[in-house]
Amino acid sequence: MVDTEDAWEIAVWCPESETFRPPAANAAFDVLMVEASLTVDATMQGINDRFEIEHGSGRWDCDPFLGTLRFTTSEGRVCEGPFDRLGTWSVERKTFRLGWDHPFATPPIRGGAERVLAKGEEIVAEVLTTRYLRLGQDEVEHLAKLTAFLSDLPAVYRGWADENLILYMAFAEPSWRDA
């Protein structure tokens, strides 16, 4: 369960002062964070159960040009589905760059990110409309769930892009690929 008593420890980049600062309070954003976390957690559990996707027990691959995320089980069965790039988190700097602003988020993998930006503009949520965010691992996990939820892709996967950068992706429920 997401604790709504504590404020999210997220800071937004302010280009004018060239520093990070706390975002403006936004009750609609807070409600969405809780709803998204609960929804995505339930969806992920269902996907894990149906497709036997467990951490470390198979292989994940993605094709950013086609927007396809594929999981191969340890028994060799393959399931796949479409994905969008949610953003990247720098472990060293503790900064997150949302997918709508990411230079490598090509059109096949940025539709959901653009919906996130539109929702942020609609509810005036700086966290969804600011280019760079500073936040810890727990907040990044919740933000990834929120961006997946807003992208209409109800599942989240993360993987190392390099020794410092974690790529977050949202994906639709996969389907088994015929052998």
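So, the largest cavity: about 30 Å³ of space lies in it. By cavity I mean a set of points, on a 1 Å grid over the protein atoms alone, where a 1.4 Å probe fits but cannot get out. The volume is the space filled by probe spheres set on the points, which are joined across faces, edges and corners. And the structure holds one cavity of 30 Å³ or more.

Quick note on where this comes from: it's a predicted model, where local features need pLDDT of at least 70 and side-chain atom pairs count only at 80 or more, while totals for chains, interfaces and linings use all residues. Residues are numbered from 1 along each chain as its sequence is written, and side-chain values use heavy atoms, with hydrogens and water left out.

What lines the largest cavity? Trp60, Leu69, Arg70, Phe71, Cys79, Glu80, Gly81, Phe171 and Pro174. Lining residues have an atom within 4 Å of a point. They split into six nonpolar, one polar and two charged; here Cys and Pro count as nonpolar, Glu and Arg as charged, and Gly as polar. The elements giving two or more residues to that lining are β4 (68–73) and β5 (78–90). Strands are DSSP runs of E, at least two residues, numbered from the N terminus.

Let's stay with β4. Five of its six residues are buried, so β4 is largely enclosed by the rest of the structure. Buried means under 20% relative accessible area, exposed over 50%, and partly exposed in between, with a 1.4 Å probe and protein chains only.

Now its neighbours. Two strands pair if DSSP finds at least two bridges between them. β3 (residues 58–63) and β4 pair in the antiparallel sense over six bridges, and Leu69 in β4 is the bridge partner of Cys62. Their hairpin has four residues between the strands, and Gly67 there takes a positive phi near 75°. On to β5: β4 pairs with β5 in the antiparallel sense too, over five bridges, with Thr72 opposite Val78. That hairpin also has four residues between the strands, and its Gly76 has a positive phi near 95°.

Last bit: rings. Rings of Phe, Tyr and Trp (its six-membered ring) pair if their centres lie within 6.5 Å; planes under 30 degrees apart are stacked, over 60 edge-to-face, the rest tilted. There are five aromatic pairs in the structure. Ring pairs link Trp60, Phe71, Tyr157 and Phe171 into a cluster, and Trp60, Phe71 and Phe171 are among the cavity lining residues.

Methods. 1 Å grid on protein atoms, 1.4 Å probe; cavity = no way out; pocket = protein on both sides within 12 Å on 5 of 7 lines; lining within 4 Å.
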